Amino acid sequence: MIYFFIISTGLLLGTLIASLFVRTQSKWMTAAVAAAGAAAFSAAVALLFMRFAADRAEFMYPWAFLLLILPFGVFLAHTLMRGVLTRRMNYSMVHLKIEQSSLRVLFTHWLPVTLYTAALILMIIALARPVRVDRTVLPPSEGIDIILLMDVSASMQKIDFYPNRFIAAQQTADRFIAKRPNDRIGAVAFAKAAMLQAPLTLDHDALREYINSLYVGMVDPNYTAIGDAIGVAANHLKDSKAKSKVIILLTDGDSNAGTIEPLMAAKAAAAYGIRVYTVGTASAPDRNPYASSTDEINEGLMMEIASLTGGKYYRANNEKELDKIYDTINELEKTEFAPSATIHRTDYFQPVLLLALLCALLALTLEKLFLIKVP
């Protein structure tokens with residue numbers, strides 16, 4: 001559209017400049033000026049509309065644009081039939097008549113009729129009733145509730161993941177949250193104890209800030225209480241009315257602290273219809289120069305927790321595999337979401353109509369007071 005605007009404006013300027021050097025203008029020259037002016041004006045209106053309101057505006061009565069043929073027809077009729085419709089005065093000494101071409105002559109001929117035409121076009125746009133549309137997407141009444149369990153023990157600082165296990169887990173969780181805008185998600189941080197850091201919420205911007213503010217050592221980092229973490233999350237999810245309830249447990253070690261046994265917590269979660277996906281985040285021995293010489297993760301425990309609750313166990317040996325695991329869980333736990341939205345419309349025909357009246361008033365003022373034509 002920008003190219004069409006530039007070309008049409010260039011043609012308009014070119015025809016106006018050419019008309020300055022033509023002593024006797026033909027009807028075809030005036031028609032060319034009229035066509036170029038109409039194209040430039042239409043391109044300018046379309047460009048402004050696309051720039052400021054293309055994605056937020058509608059016209060309630062678009063059929064009104066069929067009436068645009070009227071102003072352009074009037075404009076062309078004025079240019080082609082100007083000699084017929086204009087009153088003429090006979091001079092006794094016609095040979096002394098001097099043909100003049102100047103900017104004032106051009107303005108006298110074209111400015112009033114252009115403003116009248118613009119006013120008519122704007123009135124038609126106002127008749128089409130432009131409105132601004134504000135849409136608010138409504139979340140599903142029954143989606144999926146998800147609690148992320150984030151391990152903040154000391155071992156999460158190891159650098160077999162880039163830049164380390166904990167930061168890789170934070171970044172992956174952040175991307176996972178961004179992909180699920182219609183689900184309530186919460187977070188629990190755990191090491192020797194487990195703490196609910198963010199309750200279930202649809203305010204994902206705030207949730208991502210909470211997760212990015214977690215750090216290793218915020219809880220006694222020398223132990224890992226997996227059972228307590230599952231228990232805290234299950235207690236928060238048990239009264240949820242969501243059609244699906246999920247816990248994603250991310251850890252790099254074995255349970256060695258807490259008051260609740262991990263398998264007991266898993267059985268309690270299963271009783272409330274909660275699935276637990278377990279993710280081990282540590283490179284296997286000999287898979288990475290920074291990995292431990294012995295496997296840190298109790299894979300048997302992780303598999304049993306997942307099996308008891310109907311979830312799955314995954315092992316990530318690096319940050320790329322961790323990202324793929326979250327993508328897999330994202331695909332397994334799809335929310336069937338029928339888009340619904342509330343729509344609020346605000347009328348904008350009033351300023352368009354006011355602009356049309358101003359154009360008409362300006363044309364009338366110029367024609368009667370400043371650009372007076374003598375027959």
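## Helix α10 and its end

Just after α10, G310 takes a positive phi of about 80 degrees. The model is predicted: local features need pLDDT of at least 70, side-chain atom pairs count only at pLDDT 80 or more, and totals for chains, interfaces and linings use all residues. Residues are numbered from 1 along each chain as its sequence is written, and side-chain values use heavy atoms, with hydrogens and water left out.

Helix α10 spans residues 299–309. Helices (H or I, at least four residues) and strands (E, at least two) are DSSP runs, numbered from the N terminus. In α10, L301, M302, I305, A306 and T309 are buried. Buried means under 20% relative accessible area, exposed over 50%, and partly exposed in between (1.4 Å probe, protein chains only). Seen down the axis of α10, the buried residues fall within an arc of 130 degrees, so they line one face of the helix. The arc is that of the directions from the helix axis to the C-beta atoms. These buried residues pack against α8, β6, α9 (262–271), β7 and β8. Contact here means heavy atoms within 4.5 Å.

## The sheet

Six strands form an open sheet in the order β5-β4-β3-β6-β7-β8, with mixed pairing. Strands pair if DSSP finds at least two bridges between them. The edge strands are β5 (194–201) and β8 (313–316), each pairing on one side only. Twist averages 15 degrees from one strand to the next.

Strand β7 (residues 274–281) runs parallel to β8, and four bridges join them. G280 has R315 of β8 as its bridge partner. Helix α8 (residues 226–237) lies across β3, β4, β5, β6 and β7, at about 160 degrees to β6. Axes are lines fitted to C-alpha atoms, for helices over the stretch in contact, and angles run from 0 to 180 degrees between N-to-C directions.

## Salt bridges

The whole structure holds 11 salt bridges. Each is a side-chain nitrogen of Lys or Arg within 4 Å of a carboxyl oxygen of Asp or Glu. R315 forms one with E299, the closest N and O atoms being 2.9 Å apart. That pair links strand β8 to helix α10, 16 residues apart. R315 is buried at 18% relative accessibility, whereas E299 is partly exposed at 26%.

D252 pairs with R165, with the closest N and O atoms 2.8 Å apart. D252 lies in the loop between β6 and α9 and R165 in helix α6, so the pair ties together parts 87 residues apart in sequence. D252 is buried, with a relative accessible area of 1%, and R165 is buried at 0%. Salt bridges that share partners join D160, R165 and D252 into one network.

## Aromatic pairs

There are two aromatic pairs. Rings of Phe, Tyr and Trp (its six-membered ring) pair if their centres lie within 6.5 Å; planes under 30 degrees apart count as stacked, over 60 as edge-to-face and the rest as tilted. Y61 and W63 are tilted, at 6.4 Å centre to centre and 45 degrees between the planes. Y61 is partly exposed at 36%; W63 is exposed at 52%.

The ring centres of F176 and Y326 lie 5.3 Å apart with planes at 65 degrees, so this pair is edge-to-face. F176 lies in helix α6 and Y326 in helix α11 (residues 319–332), so the pair ties together parts 150 residues apart in sequence. Both F176 and Y326 are buried.

## Backbone notes

The peptide bond from Y162 to P163 is cis, with omega near -5 degrees. P163 sits in the loop between β3 and α6 (165–178). R129 is not a glycine, yet has a positive phi of about 60 degrees. R129 sits in the loop between α5 (103–127) and β2 (130–137).
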